[in-house]
Each structure stands twice: as structure tokens, then as C-alpha cells.
Amino acid sequence: MPFSRRSRNSSRPYFRRNSRPTKTKKKEKVLDETIYTQAAQEVEPKKELDQVNFDTYSLSSTIVKALEYRGFTSPTEIQTKTIPVILEGSDLVAISQTGSGKTGSFLIPLLHRTKEDQNKNLNRGALIVAPTRELALQIDKELRAFDLRKLGLYSQTCIGGADIREQMRRLRKPNHFIIGTPGRLVDLVKREALNLSNIKTVVLDEMDRMLEMGFVEDITWLIEQIKGSKQSLFFSATVNKQVEPVLKKFAPNATYVTVNNPSPSQFVEQSAIKVQQGQSKLEIISEYLERDEVVKAIIFINTKSEVEKVANNLARQGFEVDYLHGDKSQGARTRTVKFFRRIRSGVLVATDVAARGLDISDISHVINYDEPKSEDDYIHRIGRTGRAGRFGVAVTLLNR
Ligand code: AMP
């Protein structure tokens with residue numbers, strides 16, 4: 001189905017200018033060009049994993065029904081390795097990339113244990129900390145897909161950029177799952193709106209990313225506020241110099257699980273387009289978007305101002321387009337993601353805020369208008385496509 005241009009007389013206000021200042025540009029590292037050109041590979045499903053079934057874990061029937069309803073017939077590799085560890089109450093360090101079923105690997109056993117404790121009139125809560133608002137919302141979405149209400153369990157998302165008073169109001173009611181970003185969680189605890197006394201499990205998701213973003217003090221402070229014995233579940237793509245001391249401090253006896261999940265890039269056909277002298281990147285992009293096979297695309301750009309410029313320009317050309325960057329209000333960011341998830345074809349122009357945690361199964365193309373700043377960012381960007389068993393395409397414009 002060809003990429004559709006938005007009709008010019010549509011009345012939906014999909015694009016608004018944002019005049020907040022942007023940060024100064026850091027000097028960028030030049031990446032090896034060859035990373036941008038990799039063919040997608042056919043991946044054989046792992047047969048041995050199919051033999052493990054969710055029945056093995058004696059999960060509550062509502063959870064099993066929710067898994068069936070979602071078409072999750074067997075656990076993924078990370079789920080097979082982590083669910084038993086979490087169910088027995090041990091601390092866990094899981095080295096794994098996103099896209100492996102990581103979120104389910106902690107939500108499924110936590111839902112089960114929380115429900116079991118509730119049946120025994122025990123109040124078990126879990127605190128789930130994520131580096132970005134998008135990832136926190138993604139975890140919340142995944143959690144709600146388990147029919148929380150039917151289970152009689154409640155969750156609250158505490159992220160920056162959203163109305164803090166509303167969050168404070170909702171925190172007055174009992175919650176079994178608190179999902180949030182470090183800064184806002186600290187703020188809510190300091191305001192005595194968030195009480196951590198029932199928290200028995202703390203999950204740090206994308207821990208390496210969180211520490212890279214400078215949240216070490218917030219995370220340390222938060223974990224220290226959880227008194228009494230607790231289970232620590234730490235998920236990280238790597239264990240580096242920043243991650244190691246935190247693991248040693250809070251989970252010295254943890255069970256380590258490493259999942260060599262196929263890199264998300266395995267399902268993505270990757271190529272590069274050299275931008276010739278005098279050629280405009282915008283023209284290349286507009287032409288590329290006209291291709292029949294481009295259905296839903298994310299264009300990654302390094303600066304917020306350029307994101308708006310390109311989105312504006314594509315909108316003027318009549319493309320169905322929206323944009324995402326860190327200066328947008330949280331409400332607007334959520335609306336944009338919802339809109340992009342819902343539409344059948346269109347384009348999202350974004351900074352790296354959209355590179356992690358955005359799980360939309362039908363994104364056909366990732367276009368790197370600007371080269372990413374690191375190989376890690378590149379892998380996360382292209383991991384937005386080629387999801388849920390589909391193949392994706394990633395194209396990087398090379399301006400060198
Ligand atoms: P994540 O690593 O948490 O981002 O998950 C990646 C994708 O896998 C999400 O779309 C999940 O809904 C999906 N997923 C999680 N667990 C399973 C499972 N057992 N079987 C099939 N898909 C799953």
C-alpha cells in the first residue's frame with residue numbers, strides 16, 4: 001500500500017510549532033559506515049523454547065487467559081530464564097536487550113506474586129523505574145493488557161511532564177504497581193505523596209541507560225527509601241563501570257541471567273544513502289517517502305529544532321505527519337504516540353526520545369535523517385521496525 005499524503009483540507013490540528021529553546025550541540029563521534037548496511041536475516045524460531053509452556057509456572061487463571069488472549073503461547077527466552085527466579089523471590093540481574101519480551105519477563109511473575117499475596121490479605125507492591133517517560137508508559141500499557149481490573153490490582157504511572165497534582169491525587173488510593181521515571185518518583189516521595197512502605201520489589205529497567213542519563217543519585221536515594229527486605233530486579237543491556245557499583249550495592253547475591261536474544265537489527269534490512277554535494281536531505285526524504293513500500297515511517301533527527309522544521313515541511317507537502325521531542329508536553333507526547341500507533345500509514349519525525357521503548361508493531365521504515373551519535377543509539381533506533389515477527393527497513397542518510 002503506497003504511503004498516503006494527508007489531504008490538505010483535513011481539519012485535525014496535527015502539528016503545532018514549539019518555540020522553546022534547544023540545547024547546544026555536542027561534538028559528534030563519527031561511526032563506522034559499515035554498521036548502516038546490513039542485510040536482514042531469516043531467523044529460525046528456537047525450537048527448544050517452544051517446549052516450555054506458561055502452564056509450567058502455575059499462574060493464576062486470569063493471567064493465563066490474558067496471555068492466551070494476547071497470543072502468547074510460550075515464554076520467550078528471557079521469560080523462560082527469569083520467571084522462575086522471580087517467582088522464588090531471588091534478586092535478579094538480567095542482561096538483555098529490549099524487544100526480547102523483557103517487560104513480560106518481570107510483569108508476569110510480579111502479577112502472579114502480587115495476586116497470591118492479595119489472596120492472603122498481604123499488601124505487596126512493586127516499584128518499576130524506567131529511564132524515559134515513553135518506556136514507563138509502554139510498561140504501563142503492557143501491564144494493563146493483563147486485565148489488571150479483573151485481577152483486582154491497581155497501578156499508577158508517575159512520570160515527569162504530566163500533571164503532578166493528578167498523580168498525587170491518584171496515589172492516595174492503594175496501588176500495587178508504581179511505574180515511573182526517577183526524577184518524578186523522587187519528587188513524589190519527598191512531597192510525601194508516594195508511600196513506599198508496601199514496596200516489596202524494585203525493578204530498574206534499562207538500568208545502563210538510566211545511569212548514562214545521570215540518574216544514579218535519584219535511583220540510589222529511591223532504593224534506600226524502601227525499608228525492610230525487598231527483591232531487586234535489574235535489567236540492563238550491558239554491565240559497565242557505571243552499572244557495576246549499583247549492582248554490587250543493591251543486589252550483591254543476585255542470580256545473573258544473560259539472554260543472547262537476536263539483536264533487533266537481525267530483522268531489519270539496513271542501507272545507507274550518500275547525500276551528494278548540493279543535494280537536500282529533505283528532498284531525498286520526500287522522494288523516499290513516496291515509495292510504495294513505505295507505509296509507516298519514523299524519521300530520526302538529532303535536534304529538536306530540525307525535527308520541527310522537517311515535520312513542518314513534510315506536513316506542508318501534504319504528508320500525514322506528527323513529531324516527537326523532549327520539549328513537547330507529556331500530554332502531547334502521549335497523544336502523538338497514540339495517534340501514530342492508530343494510523344495505518346504516516347510518518348513520525350522524532351529525536352532519540354522515540355528510539356527506546358516505542359513498541360509499534362507495524363512501523364515499516366526507520367529513516368536516519370541524521371546519523372545517530374552512538375552505535376547503541378543506532379541499534380535502538382532501528383529496533384523500532386522489524387518488530388513482532390515482521391521485517392523492517394532502515395535507511396541512513398550519510399552526509400560525509
Ligand atoms: P519487550 O522486550 O518487553 O519490549 O517486548 C517485545 C514484544 O514482545 C512486545 O510487543 C511484547 O508484547 C511481545 N511479547 C512479550 N512476551 C511475549 C511472548 N511470550 N510471546 C510473544 N510475544 C511476546
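**Exercise 1.** Work out which strands helix H14 lies across, and at what angle the helix runs to S10.

*Solution.* Start with the helix: H14 covers residues 330-342. Helices here are DSSP runs of H or I with at least four residues, strands are runs of E with at least two, and both are numbered from the N terminus. Next, look for contacts, meaning heavy atoms within 4.5 Å: H14 lies across strand S9 (296-300), S10 and S11. Finally, take the angle, which is about 140° to S10; axes are lines fitted to C-alpha atoms, for helices over the stretch in contact, and angles run from 0 to 180 degrees between N-to-C directions.

Before going on: this is a predicted model, where local features need pLDDT of at least 70, side-chain atom pairs count only at pLDDT 80 or more, and totals for chains, interfaces and linings use all residues. Residues are numbered from 1 along each chain as its sequence is written, and side-chain values use heavy atoms, leaving out hydrogens and water.

**Exercise 2.** Find the strand order of the open six-stranded sheet.

*Solution.* Pair up strands where DSSP finds at least two bridges between them. S10 and S11 (residues 346-350) pair in the parallel sense over four bridges, with leucine 324 bridged to alanine 350. S8 (268-274) and S10 (321-324) are the edges, each pairing on one side only.
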